[in-house]
Amino acid sequence: MTTCGRGLRRAVGASPRPTWRRALSDTRGRLKPEYDAVVVGAGHNGLVAAAYLQRFGVNTAVFERRHVIGGAAVTEEIVPGFKFSRASYLLSLLRPQIYSELELKKHGLRLHLRNPYSFTPMLEEGTGGKVPRSLLLGTDMVENQKQIAQFSKKDAQAFPKYEAFMDRLALAIDPLLDSAPVDLEAFQRGSLLQRLKSLSTLKPLWQAGCILGAQLPQYYQVLTAPAAKVLNQWFESEPLKATLATDAVIGAMTNPYIPGSGYVLLHHVMGSLEGVRGAWGYVQGGMGALSDAIASSATAHGVSIFTEKTVAKVQVSSGGRVQGVVLQDGSEVRSKVVLSNASPQITFLKLTPQEWLPEEFVARIAQLDTKSPVTKINVAVNRLPDFLAAPNTPGGQPLPHHQCSIHLNCEDTLLVHQAFEDALDGLPSKRPLIELCIPSSLDPTLAPPGCHVVSLFTQYTPYTLAGGKAWDEQQRNAYADRVFDCIEAYAPGFKGSVVGRDILTPPDLERVFGLPGGNVFHCAMSLDQLYFARPVPLHSSYCSPLRGLYLCGSGAHPGGGVMGAAGRNAAHVVFRDLRSM
């Protein structure tokens, strides 16, 4: 604590800017009146799209309304000396092609892989002088089985088979992530040539079917059934089922007993880092360092990135084709195409002149499910949490479990269900589902010596409170206090370690990051809003009804998470269309 205090004093007022950002602000020059392509929003997908387009020879500019790039993948120093991944906080889903093709390592990206990666402490009395039980999972399958056997020997035997089963499904879905969905519009209404060209979009589906083979019916159930049903077929112990179920509901206004939650379970286990499938890790310097690396790669090839430049309107020619954008300050920027990294709602309901969009399309966009249960709380602490189930060392150095996603109020899937039920009544959960991460346990650059940053991804909190009430400062603090009380039960002394906190309810996430309804995926990852129905049926191949306007963000296929696939795929579609102009 004393060490942290000295570090705090040194850190106050320090807010270093990444090297590339300093260089960019000095060299980007004046805004040009015309580019080949304009990208709206410098979130990670927008930056990825710009980087690829520029590499294809398409002169590209990116306009970001905030003072900092990255969208939700951003690092911000909210408490002096403490650097938070303020929204997104873990990396796994980033497509390996992006990592290699954009040479992100060369541009400064450094990762800290986590092993172990999951820690679920039990809220129970220790017996015979022993500490409460906990479940610690990592890459060592033998050790995983020993951990699971505390709760069920049967489950310990089943776990390797379950992992292999899920790995095969993730392998099958992998090709679908890196290409546009099947172009149903071309199949239904296109010319013969367009239909023939569209046949290539069937290849990833064929590849997926070949991988799944005769087990396709079992895998179909994973995608459509409630996650609880899937997990009940494999396991009997609640701590294991509840820990796995958190991946099925994270960021989603759903619970493990609702059909379709099984897909979200898969969405969070199909990533990889540095060749390790299913691995999750921290980005050194916070998630903003990932965005910085992508931007560095993009600017190295000529992309122009402008912050604090809000796009107010998409310009359309009299012939019904995009011809650029108008900025909030009145500046007009012409371009052949516009790619929007903003949500479908902002793109089509706010930025695009409505007379150029079909009424049915606009109605479908307005009806997208954007409900979010998430309140993100970023916490600065002067010492590590000391869990009853895994006490700290006398010196307070990070232990293996500190690097994990730490699941609290997750001893039983029924607890998750009850937390969800509270939110349906317009009430923040009485016992919120909490995913606690301490990235500074592996990356000491994020906090002063001896101190740490803690990320709390919590749910369920409704966008609008009971009685139509809006969140105010009192409500925010009351909820954060409730979360801290829960943590205190598992790790006594946590509340006394808090130096500062940043509370982001669903309306705050919408206001700060442009996430509709606070939804971290732009719109729900439900089966009716996936693949060729994302964001809406017949408009899932990144194109829109307005010629020259494209989606490249999480509201497009394959959806949310810091994946970059939407940006990469959109860039390829745009380049194809530009060549045919």
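Let me begin with Thr461, which sits in the loop between strand E18 (452-459) and helix H18 (473-490). Helices here (H or I, at least four residues) and strands (E, at least two) are DSSP runs, numbered from the N terminus. This is a predicted model, in which local features need pLDDT of at least 70, side-chain atom pairs count only at pLDDT 80 or more, and totals for chains, interfaces and linings use all residues. Residues are numbered from 1 along each chain as its sequence is written, and side-chain values use heavy atoms, with hydrogens and water left out.

Thr461 counts as buried because its relative accessibility is 0%. Buried means under 20% relative accessible area, exposed over 50%, and partly exposed in between, with a 1.4 Å probe and protein chains only. The side chains of Thr461 and Thr375 are joined by a polar contact of 2.8 Å. By polar contact I mean a pair of N or O atoms within 3.5 Å; within protein, one must be able to donate a hydrogen and the other to accept it, and residues adjacent in sequence count only if both atoms are side-chain atoms. Setting aside residues up to four places away in sequence, Thr461 touches Met253, Ser372, Pro373, Val374, Thr375, Pro428, Trp471, Tyr479 and Pro506, where contact means heavy atoms within 4.5 Å.

Let me turn to the protein as a whole. Its secondary structure comes to 20 helices and 20 strands. The radius of gyration is 24 Å, close to the 25 Å that the globule rule gives for 581 residues, so the protein is as compact as a globular protein of that length. That radius is taken over C-alpha atoms, and the globule rule is 2.2 Å times the number of residues to the power 0.38. Along the principal axes, the C-alpha atoms fill a box of roughly 80 × 60 × 50 Å. Of the 581 residues, 58% count as buried. Among contacts between residues at least 6 apart in sequence, 72% join residues at least 24 apart.

Next, the aromatic residues. Across the whole structure, a search finds 15 aromatic pairs. Rings of Phe, Tyr and Trp (its six-membered ring) pair if their centres lie within 6.5 Å; planes under 30 degrees apart count as stacked, over 60 as edge-to-face and the rest as tilted. Tyr162 and Phe235 form an edge-to-face pair, 5.1 Å centre to centre with 70° between the planes. Tyr162 lies in helix H6 and Phe235 in the loop between helix H11 (227-234) and helix H12 (238-249), so the pair ties together parts that are 73 residues apart in sequence. Tyr162 and Phe235 are both buried. Phe165 and Trp234 form a tilted pair, at 5.4 Å centre to centre and 50° between the planes. This pair also links distant parts of the chain, with Phe165 in helix H6 and Trp234 in helix H11, 69 residues apart. Phe165 is buried, with a relative accessible area of 10%, whereas Trp234 counts as partly exposed at 23%. Ring pairs link Phe159, Tyr162, Phe165, Tyr219, Trp234 and Phe235 into a cluster.

Against which elements do the buried residues of helix H20 pack? They pack against helix H3 (44-55), helix H4 (96-101), helix H6 (153-177), strand E14 (332-340) and strand E20 (549-551). Helix H20 (residues 565-579) has 15 residues and reaches 21 Å from its first C-alpha to its last, close to the 21 Å expected at 1.5 Å a residue. The expected span is 1.5 Å times one less than the number of residues. H20 is mostly covered, with 11 of its 15 residues buried; among them are Arg568, Asn569 and Asp577.

I turn now to the backbone. A cis peptide bond joins His557 and Pro558, with omega about 5°, and Pro558 is found in the loop between E20 and H20. Another cis peptide bond joins Asn115 and Pro116, again with omega about 5°; Pro116 lies in the loop between strand E5 (111-113) and strand E6 (118-121). Glu274, although not a glycine, has a positive phi of about 50°. Glu274 is placed in the loop between strand E8 (272-273) and strand E9 (276-277) and counts as exposed at 52% relative accessibility. His522, also not a glycine, has a positive phi of about 75°. His522 lies in the loop between helix H19 (506-513) and E20, and counts as buried at 9% relative accessibility.
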